Amino acid sequence: MKKIIFIYCIFLLASCAAVNSSDTPESSNNQSKSNISDPNKEIETNQAKLLGEMPFPAGSIMHNDAFIVGNGNSWVGRIKVTTNLNVLQSFAFFRDEFPKSGWILLSSVASERSILLFHKADRSVTIEIQAPIMSMNSKSLITLTVGPKSFK
């Protein structure tokens with residue numbers, strides 16, 4: 001079973017690479033120009049296509065070191081987002097907004113490094129919120145790790 005899942009992941013990654021390599025330089029250039037001209041809109045424009053029904057604070061910026069397999073409401077992986085909300089405000093945002101999208105809060109700890117654990121259907125998400133180590137512009141670094149819900 002693990003071998004089948006591994007092969008499936010390789011196939012998905014290869015498919016994503018094939019789709020990205022078929023982009024023309026012109027469309028890639030226009031895309032990078034639009035991100036440069038308004039970087040604060042990045043997560044808002046990609047959210048529905050890429051991340052599905054996961055709410056994020058307005059003005060959030062997704063880091064480019066994301067590891068995402070799939071898209072929409074079935075993706076798994078890890079993303080990092082920065083926001084201008086402080087750690088406690090970010091904690092309150094996710095605690096209050098994720099349930100509005102059907103996520104069920106299983107556990108949470110509010111501290112300097114806050115953690116929330118949600119599940120929905122056959123997936124779970126761990127949200128880790130902390131103050132960024134070196135940043136003048138953002139107040140929170142948020143890491144979301146999404147995977148299949150474990151049944152044992």
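Predicted model: local features only at pLDDT ≥ 70, side-chain atom pairs only at ≥ 80, totals over all residues.
User: Happy with that. How many helices and strands does the chain have?

Analyst: Helices (H or I, at least four residues) and strands (E, at least two) are DSSP runs, numbered from the N terminus. Here the chain has 4 helices and 7 strands, in the order α-α-α-β-β-β-α-β-β-β-β from the N terminus on.

User: What share of the residues is buried?

Analyst: Buried means under 20% relative accessible area, exposed over 50%, and partly exposed in between, with a 1.4 Å probe and protein chains only. Of the 152 residues in the chain, 30% are buried.

User: Which residues of helix H4 are buried, and where do they lie on the helix?

Analyst: The arc to look at is that of the directions from the helix axis to the C-beta atoms. H4 spans residues 87-97, and its buried residues are Val87, Ser90, Phe91, Phe93 and Phe94. Seen down the axis of H4, the buried residues fall within an arc of 160°, so they line one face of the helix. Their cover includes strands E3, E4 (104-109), E5 (113-120), E6 (123-130) and E7 (140-148).

User: How do I read an aromatic pair?

Analyst: A pair of aromatic rings is described by the distance of the centres and the angle of the planes. Rings of Phe, Tyr and Trp (its six-membered ring) pair if their centres lie within 6.5 Å; planes under 30 degrees apart are stacked, over 60 edge-to-face, and the rest tilted. The structure holds 5 such pairs. One of them joins Phe93 and Phe94, edge-to-face at 5.4 Å centre to centre with 90° between the planes. Ring pairs also link Phe56, Phe93, Phe94, Phe98, Trp103 and Phe118 into a cluster.

User: And Gly77: why does this residue count as buried, and what does Gly77 touch?

Analyst: Gly77 sits in strand E3 (residues 76-83) and counts as buried because its relative accessibility is 11%. Contact means heavy atoms within 4.5 Å. Leaving aside neighbours within four places in sequence, Gly77 is in contact with Phe67, Leu144, Thr145 and Val146.

Conventions
Residues numbered from 1 in each chain as written. Heavy atoms only, no water.
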